[in-house]
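Here is a short note to read beside the structure. The points go from the whole chain to single residues.

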Amino acid sequence: MKPHESDRIPSEEDEVARLLSLVPAPEPVPVEALARSRSLAREEWRSVVRRGRRRRWALGAVAAAAVGLVASWFAFDPWGSTAPRQVAVVEAIHGAVTLSQGGERAGRLLRTGDELDSRTVLETASDGRVSLRWADGQSLRMDVDSLVHLESPRHLRLARGAVYFDSGEFSAAADPRLEIRTDYGTVWDIGTQFEVRVRNQRLRVRVREGLVRVDQGKRSLEAGIGEELTIHSSGAVKRSSVSLHGDPWKWHLAVSPPFELEGSTLRQFLGWAARETGWRIEFSDAELERRVLGITLHGDLTGVTAEQAFPAVLETCGLVHRERDGVVRIESGGSR
């Protein structure tokens, strides 16, 4: 009598296949990835057989390795997942900004509060600017006439125009947090405030704080605080200095996210204003500084830039200021 299929003693290769079939598959695995994992498992099993080690524990180790190989594709996804990932939230908009997602040809106007994923393409009009907030607090701002593809939380493509990125306090030991790809090089953030602009077949990088690296194939360039790096399509490179305050950084102030003034302290407001403007804050004397930094503030700064808010907030605290060459000196209102 011919034995029933269920009575057949499974071979070791059958056992490997059975164990592989138990791996959970929350998302489809690329065909080439699965084929490669099965091939590697079988090759290892055959190697074990050739060495004469056909014990059950050896087979279990091979099967476990095969399971690990398949699981690793879910964890590391070297081919790139097609599922969209959350990238940023829209904090502030000035003028017209168009959003398209998932290959849409016709976009729609962007709105404050919109959640943007890795399929998003943003385009600002001649009057449009936008500020985006990353999940871990970084701020990205787009200038007028700009086109940006948000590819992931760590990558974006700047096709034209300019972006300004503020990734928080600088740390020389920090890993790059954002990669900005352009036709003329890839810009890596290393904990900084900086601007990247693509215009007239050239890439320009301005660094306000920290350090930026620009990769062009085998060539790598760096720009530090107060440096401007211009790379032409011909490959020519020009270095120059740039001010840390004033006109070179004016555009991003127009779309900076509003500071929550209500309930904050003067210390917190001055920290925000200094970071936004590039000013260095000084007090006329230490006693005045000690006395006023803890003042609790009230009000709403929606639609007001840091430069515009500065005199009004200081006035409510009985203070005045003088600005010269990026240094702001704060004095008592009665000291003039």
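1. How much accessible surface does the protein chain have, and what share of that surface belongs to carbon and sulfur atoms? In this predicted model, the accessible surface comes to about 18400 Å², and carbon and sulfur atoms account for 51% of that area.

2. The chain has 336 residues, of which 40% count as buried. Its secondary structure consists of seven helices and 20 strands. Contacts between residues at least 6 apart in sequence can be sorted by how far along the chain they reach: 54% of them join residues at least 24 apart.

3. The largest pocket has a volume of about 300 Å³. Its lining is made of 15 residues, and the closest to the pocket centre are Arg133, Arg141, Pro257, Trp272 and Glu276. Strand β7 (139–142) and helix α5 (266–277) each supply at least two lining residues. Helix α5 gives the most, with four residues. By type, the lining divides into seven charged, four polar and four nonpolar residues.

4. Aromatic rings come next. A pair of aromatic rings is described by two values, the distance of the centres and the angle of the planes. The structure holds eight aromatic pairs. One of them joins Tyr164 and Trp249, with 6.0 Å from centre to centre and 70 degrees between the planes, an edge-to-face arrangement. Tyr164 lies in strand β9 (residues 155–166), while Trp249 sits in the loop between β17 (237–241) and α4 (250–253), so this pair ties together parts that are 85 residues apart in sequence. Are the two partners buried or exposed? Tyr164 counts as buried because its relative accessibility is 1%, under the 20% cut-off. Trp249 is buried too, with a relative accessible area of 1%.

5. Phe259 and Phe269 form another edge-to-face pair, at 5.9 Å centre to centre and 70 degrees between the planes. Phe259 is in the loop between α4 and α5, and Phe269 is in helix α5, ten residues apart. Phe259 is buried at a relative accessible area of 14%, and Phe269 counts as buried at 0%. Both residues belong to one aromatic cluster, together with Trp272, Trp279 and Phe310. Trp272 was named above among the residues closest to the centre of the largest pocket.

6. Two residues deserve a look at their backbone angles. Most residues other than glycine have a negative phi. Asp145 has a positive phi of about 50 degrees although it is not a glycine. Its place is in the loop between β7 and β8 (147–152), and at 41% relative accessibility Asp145 counts as partly exposed. Asn200, also not a glycine, has a positive phi of about 50 degrees. Asn200 is in the loop between β12 (193–199) and β13 (202–209). With a relative accessible area of 61%, Asn200 is exposed, because the cut-off for that class is over 50%.

7. The last point concerns a glycine. Gly107 lies in the loop between β2 (97–101) and β3 (108–109). At 40% relative accessibility, Gly107 counts as partly exposed. Which residues does Gly107 contact, leaving aside its neighbours within four places in sequence? They are Thr98, Leu99 and Ser100. Gly107 and Val121 are 14 residues apart in sequence, and their C-alpha atoms are 8.9 Å apart in space.

Methods. Residues numbered from 1 in each chain as written. Predicted model: local features only at pLDDT ≥ 70, side-chain atom pairs only at ≥ 80, totals over all residues. Heavy atoms only, no water. 1 Å grid on protein atoms, 1.4 Å probe; cavity = no way out; pocket = protein on both sides within 12 Å on 5 of 7 lines; lining within 4 Å. Points joined across faces, edges and corners; volume = space filled by probe spheres on them. Nonpolar A, V, L, I, M, F, W, Y, C, P; charged D, E, K, R; others polar. Phe/Tyr/Trp six-rings, centres within 6.5 Å; stacked < 30°, edge-to-face > 60°. Buried < 20%, exposed > 50% of the residue type's maximum accessible area, 1.4 Å probe, protein only. Contact = heavy atoms within 4.5 Å. Areas by Shrake-Rupley, 256 points an atom, 1.4 Å probe, with all protein chains shown as cover.
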